[in-house]
Each structure stands twice: as structure tokens, then as C-alpha cells.
Amino acid sequence: PLRRQRQMCIRDRIKSIEIPEGVLVKVEGRVVTVNGEKGELTRDFSHAPVSIRLEGKTITVQANWPRKKETALVGTISSHIQNMITGVTKGFTYKLKIVFSHFPISVKVRERTVAIENFTGERSPRIAKIMGDTKVMVKGEDVIVQGTNIEDVSQTAANIQNATKVKRKDPRVFLDGIYIYEQHEGMEE
């Protein structure tokens, strides 16, 4: 009988990220700090069994003798660092549309929360939390969520959309709510 050949294991998994002009990156152990024209972001990756090195204008994320999970973590962490670089250079914007058929919804930004009033005729306002240093603006029928940290911006937009979730009614009939309709890199003034 013929024996099957074992596949060779990948010795190490490496991903490199180029640092653009005008961006300063500092790596201390597994804590990465990215500085750019829109601000500064710091993230701790000490939970991950990978090494992060800064060599000139390149960040290298590497896992030695990785299993499946460590291989996936290399890609995930390099994507997080790339999002941090994009955030401090361009920023992120999510746009939400206010949709109503009978009761006009009014949206107000109060300190670190968004108050959604008169949603389907309810008397008490629904509250959505604003995460991190995200900015929320209401322009007519649109709610614009902007910031440098993609996790904070997307979570704030999700909080606003989830605050207007219709419960115990037919969602095909009651289409009222605030819905995300656009997301892109870059901030609008």
C-alpha cells in the first residue's frame, strides 16, 4: 500500500502594511499607536500570539509556527492596523436615513446620546449611545455619523438603527425607523 505524503506546515505567516506619508506609527510590544492629521488611535493587541514590528515605513505582523487560529489572527490584526491608518488620514462616515409614514420622527443629539422622539407615536424618547469620540449630526432626513475609529463609528450607527427596531408588529407594514444606507471612508464637513 502507498502511504500518503504529509503536507508541509507553513513555518510562519507574515503580513506587511505600508505606512503612508504624514502618518506616525509607534509600536511598544503589542500596543500600536497611530498618529495622523485627523487624530491619534491606540490599540492593544497583547491578547494575540503574534509579533508586531516596525521597520522603517512598514509594519510587519507575524506568527511563527501558526495553527489555523494564529494564521487568521495575523490577517485580522493587520486589517485593524490598516483601519487605524485609514481613520487618522481620511476618517469614516456612516449615513442613516430617517423613514416614517404616519408619525414624524424627530432626532436630537444630546451630549453622548441620540434621542429619537415620537417614534411610532411613542411618548418617551428612544435613546442610542454615542461611542468614543464619534460625531453625530442631523441634516434634514439624514443622520451623519463620523469619526476616526471605525469600531466606534459603526457601533454608534448600529445603536441608532437598533434603537428604532419595531417589535411585536409586522415589519412589512411598520417600516418606520432609521436605517444605514451608506458607509465610506472620508469625512464630510
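Predicted model: local features only at pLDDT ≥ 70, side-chain atom pairs only at ≥ 80, totals over all residues.
## Helix α2

Helix α2 covers residues 150-163, 14 residues in total. From the first C-alpha to the last, α2 reaches 20 Å, close to the 20 Å expected at 1.5 Å a residue.

The buried residues of α2 are D152, V153, T156, A157, N159, I160 and A163. Viewed down the axis of α2, these buried residues fall within an arc of 155 degrees, so they line one face of the helix. An α-helix has 3.6 residues a turn, so residues three or four places apart point the same way. The cover over the buried residues of α2 includes strands β7 (92-99), β9 (113-117) and β10 (126-129). It also includes β11 (135-139), β12 (142-147) and β13 (177-185).

T164 is found in the loop between α2 and β13. Is T164 buried or exposed? With a relative accessible area of 3%, T164 is buried, because the cut-off for burial is under 20%.

Leaving aside neighbours within four places in sequence, T164 is in contact with I116, F119, R126, D176, G177 and I178. One of these contacts, I116, is 48 residues from T164 along the chain, and the C-alpha atoms of T164 and I116 are separated by 7.9 Å. The side chain of T164 also reaches the backbone oxygen of Q161, at 3.0 Å.

## The sheet β2-β3-β4

An open sheet is formed by 3 strands in the order β2-β3-β4, with antiparallel pairing. Its edge strands are β2 and β4 (39-44), each of which pairs on one side only. From one strand to the next, the twist averages 10 degrees. Strands of a sheet pair through backbone hydrogen bonds, either parallel or antiparallel.

Strand β2 (residues 24-28) pairs with β3 (residues 31-36) over 5 bridges, in the antiparallel sense. The hairpin of β2 and β3 has 2 residues between the strands, and in it G29 takes a positive phi near 70 degrees. On the other pairing, β3 and β4 run antiparallel and are joined by 6 bridges.

V25 stands opposite V34 in β3, and V34 stands opposite L41 in β4.

Definitions and conventions:
Residues numbered from 1 in each chain as written. Heavy atoms only, no water. Pairing = 2+ DSSP bridges. Helix = DSSP H or I, 4+ residues; strand = E, 2+ residues; numbered from the N terminus. Expected span 1.5 Å × (residues − 1). Buried < 20%, exposed > 50% of the residue type's maximum accessible area, 1.4 Å probe, protein only. Arc of directions from axis to C-beta. Contact = heavy atoms within 4.5 Å. Polar contact = N/O pair within 3.5 Å; in protein donor to acceptor, adjacent residues only side chain to side chain. Axes fitted to C-alpha atoms, helices over the stretch in contact; angles between N-to-C directions.
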